[in-house]
Amino acid sequence: MFERHTVTLQFWTYTVKGGDPAAKAIVDKYHQEHPNVTIKLSEVGGTAETASKLLAADRADDTPDVVQLEYRALPSLVVAGAVKEITKDVASVKNKIEPNIWDLTTLNDQIYGVPQDIGPMMFTYRKDLFAKYGVKVPTTWSEYADAAEKIHKKNPDVYIASFSASQFEFFAAHAAQAGAQWWSNDGKKWTVGIDSEASLKTADFWQDLVDRDLVKVEPLLTPEWNAQVNDGKIVSWAAGAWAPSVLYSIAPDTAGKWSSAPLPQWKAGDAAVPFQGGSTYLVPAKSKHAKEAAAFAAWLGASDEGSKLLLGLDIYPSGNAGRAATLTHEPPKLMPQQKDFYQVADRVIKNTTIPVVWGPNVNVAQSGFSDALNKAALNKTSFREVYRATQKTVVNDLKKSGYTVTQ
């Protein structure tokens, strides 16, 4: 009797969790349509932990077949030769994801990952408390600063938001919205713009709010931060469209009191913003089943069927079909009354045309930047100096690693 050859794909993921019925439905569907492939899920931690684990597996010649990682991890893994270029493998689904989303996984015109989810930047706020304090939803960052002042003046225990120095991706995206690029590459050399004037303008903006005690210097998602969100003492969060699901997980009793709007603009009328967060499916260079792995990644992240199924995981799918499905989907549990949430988010995505390029030494920049910025916020010392010091650290590290750098 003929025995069907079965390929087992080792899938490292933190979204497709084995105990989740929606995740099980995804895997079962793929098994049904591809009986010669078995998906074996392994739940992994955050991006830094998983990237290190993948590099170790690459050195040991014992890698998985598909790995989920945040977009910012991609350049360093490409440089390390740890992931496979899959441009031809995904050619048949290229039209299933918009170009500005493929850009997140494209380096030098070559594709290295299939986008899973995206984080169009939005402003999520306590609609009831903004009304209570007589504050309009800010449409510009200048209006945001005015709203911060008004809210804190009305109630000194309440802040428009927290200032968390660990939000490295947010500060990079905020600088990009203002016209800066912290890293850029022309294929031969890197340019670093962390201390560019456009970037320093954003440092000045947050310095002013911190110095005037108009934002709460508080790390995100600590027990203290969670309690303040629940108590209505922190009343907004500028982040990706994933923020409502995070807020609901820590403050479910506040559901129905929140809404989301487009991110405030630096220049009134300019709606372009970057993405913040989100993740991609990568195929390790040493996968023993790279062809089947790329096919699975393409199906899950880009196909009509896969991207619609991803919506069931409470994430914002990258695929066009998943995005379209959001428009008739119930709004996030945090704001069941905001029936147009996904329509607003979809308009934001269409305006999300500012690319954020991540360099090969993001980890070096992040650790130094976050620690120094937190100290500056607590001690009321110069944010500009933190950005300038990070610039020097990043440039020196790139040069030490053998890259050509222009400033």
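1. R212 is partly exposed in this predicted model, and its relative accessible area is 35%. Its salt-bridge partner is E149, with 3.7 Å between the closest N and O atoms. R212 sits in the loop between α8 (197-211) and β10 (216-217), while E149 belongs to helix α6 (residues 141-154), so the bridge ties together parts that are 63 residues apart in sequence. E149 is also partly exposed, at a relative accessible area of 38%.

2. A salt bridge also links the side chains of K286 and D61, with an N to O distance of 2.6 Å. K286 comes from the loop between β13 (275-282) and α11 (290-301), and D61 from the loop between α2 (47-59) and β3 (66-70), so this pair connects parts that are 225 residues apart in sequence. K286 is partly exposed, with a relative accessible area of 35%. For D61, likewise partly exposed, the value is 48%.

3. K339 and E330 make a salt bridge as well, their closest N and O atoms lying 3.8 Å apart. Both K339 and E330 are exposed. Over the whole structure the search finds 19 salt bridges.

4. Strands β1 (residues 7-13) and β2 (residues 37-43) run parallel and are joined by seven bridges. Within this pairing, F11 stands opposite L41 in β2.

5. Helix α15 (residues 362-379) has 18 residues, which at 1.5 Å a residue should span 26 Å; the end C-alpha atoms are 25 Å apart, in agreement. Just after α15, K380 takes a positive phi of about 60 degrees.

6. Which residues of α15 are buried? They are V362, A365, F369, S370, L373, A376 and A377. These residues cover an arc of only 140 degrees around the axis, and therefore lie on the same side of α15. On the other side of the helix, the exposed residues are N363, D371, K375, L378 and N379.

7. What do the buried residues of α15 pack against? Their partners are β7 (162-163), α7 (168-177), β8 (183-185), α8, β10 and α16 (383-400). Two of these elements, α8 and β10, also flank the loop that holds R212.

Definitions and conventions. Residues numbered from 1 in each chain as written. Predicted model: local features only at pLDDT ≥ 70, side-chain atom pairs only at ≥ 80, totals over all residues. Heavy atoms only, no water. Salt bridge = Lys/Arg side-chain N within 4 Å of Asp/Glu carboxyl O. Helix = DSSP H or I, 4+ residues; strand = E, 2+ residues; numbered from the N terminus. Buried < 20%, exposed > 50% of the residue type's maximum accessible area, 1.4 Å probe, protein only. Pairing = 2+ DSSP bridges. Expected span 1.5 Å × (residues − 1). Arc of directions from axis to C-beta. Contact = heavy atoms within 4.5 Å.
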